[in-house]
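Please read each point with the structure open beside you.

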Amino acid sequence: MADLRLRLNLPYALIYCRDHRCSHHVETNADGWPDDVRLSDIEANFTCTRCGKRGADVRPKFSQASMGFRQVPCRTVR
Ligand SMILES: [Zn+2]
């Protein structure tokens, strides 16, 4: 499977906790990230500030959620 590679040409990214029971997410400014940054590389560098879990899911922030991206795994109903 090909490495997930997204050009982060958007100013903001959303960082989601890997733990779906936690659902913690933050918005971050992705302006300073390199163009060829691999999300799989930076995802491992995040640690949730709420539950302490290592790793995160990074998504570019779109103003509309109707661009064919599946729902992020953290946004589960209880
Ligand atoms: Zn968490």
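1. Two strands are taken to pair if DSSP finds at least two bridges between them, and the helices (H or I, at least four residues) and strands (E, at least two) are themselves DSSP runs, numbered from the N terminus. Read in those terms, the structure holds an open sheet of 3 strands in the order 2-1-3, with antiparallel pairing. The edge strands are strand 2 (25-29) and strand 3 (56-60), each of which pairs on one side only. From one strand to the next the twist averages 25°, where axes are lines fitted to C-alpha atoms (for helices over the stretch in contact) and angles run from 0 to 180 degrees between N-to-C directions.

2. Residues are numbered from 1 along each chain as its sequence is written.

3. On confidence, the protein averages a pLDDT of 75, and 65% of the residues score at least 70; pLDDT is the predictor's confidence in each residue, from 0 to 100. Over residues 1-5 the pLDDT is below 50, and this stretch has 5 contacts in the model beyond near neighbours in sequence, a contact being two residues whose C-beta atoms, placed from the backbone, lie within 7 Å. Where pLDDT is low, the predicted coordinates should not be read in detail.

4. As for the overall layout, the secondary structure comes to 1 helix and 3 strands, which follow the pattern β-β-α-β along the sequence. Among the contacts with a separation of 6 or more, 61% are accounted for by residues 24 or more positions apart.

5. How do the strands of the sheet meet? Strand 1 (residues 12-17) and strand 2 pair in the antiparallel sense over 5 bridges, and 5 bridges also join strand 1 to strand 3, again running antiparallel. Ile-15 stands opposite Val-26 in strand 2 and has Val-58 as its bridge partner in strand 3. Tyr-16, for its part, stands opposite His-25 in strand 2.

6. Of the 78 residues of the protein, 9% count as buried, a residue being buried if 20 or more other C-beta atoms lie within 10 Å of its own, exposed if 12 or fewer, and partly exposed in between, with C-beta atoms placed from the backbone. The largest nonpolar core has 6 residues, namely Ala-13, Tyr-16, Cys-17, Cys-48, Ala-56 and Val-58; such a core is a set of buried Ala, Val, Leu, Ile, Met, Phe, Trp, Tyr and Cys residues joined through C-beta atoms within 7 Å. Strand 1 and strand 3 each supply at least two residues of this core, and strand 1 gives the most, with 3 residues.

7. The loop between strand 1 and strand 2 contains Cys-22, which counts as partly exposed because it has 15 C-beta neighbours inside 10 Å. Leaving aside residues up to four places away in sequence, Cys-22 touches Cys-17, Cys-48, Arg-50, Cys-51 and Lys-53. The C-alpha atoms of Cys-22 and Lys-53 are separated by 9.3 Å, although the two residues lie 31 residues apart along the chain.

8. Ser-23 is found in the loop between strand 1 and strand 2 as well, and its phi is near 65°, a positive value in a residue other than glycine. Most residues other than glycine have a negative phi. With 17 C-beta neighbours inside 10 Å, Ser-23 counts as partly exposed.

9. Finally, Tyr-12 is found in strand 1 and is partly exposed, with 15 other C-beta atoms within 10 Å. Not counting residues up to four places away in sequence, Tyr-12 touches Glu-27, Thr-28, Asn-29, Ala-30 and Lys-61. Its C-alpha atom is 4.6 Å from that of Asn-29, 17 residues apart in sequence, and 9.0 Å from that of Arg-59, 47 residues apart in sequence.

Note on methods: Predicted model: local features only at pLDDT ≥ 70, side-chain atom pairs only at ≥ 80, totals over all residues.
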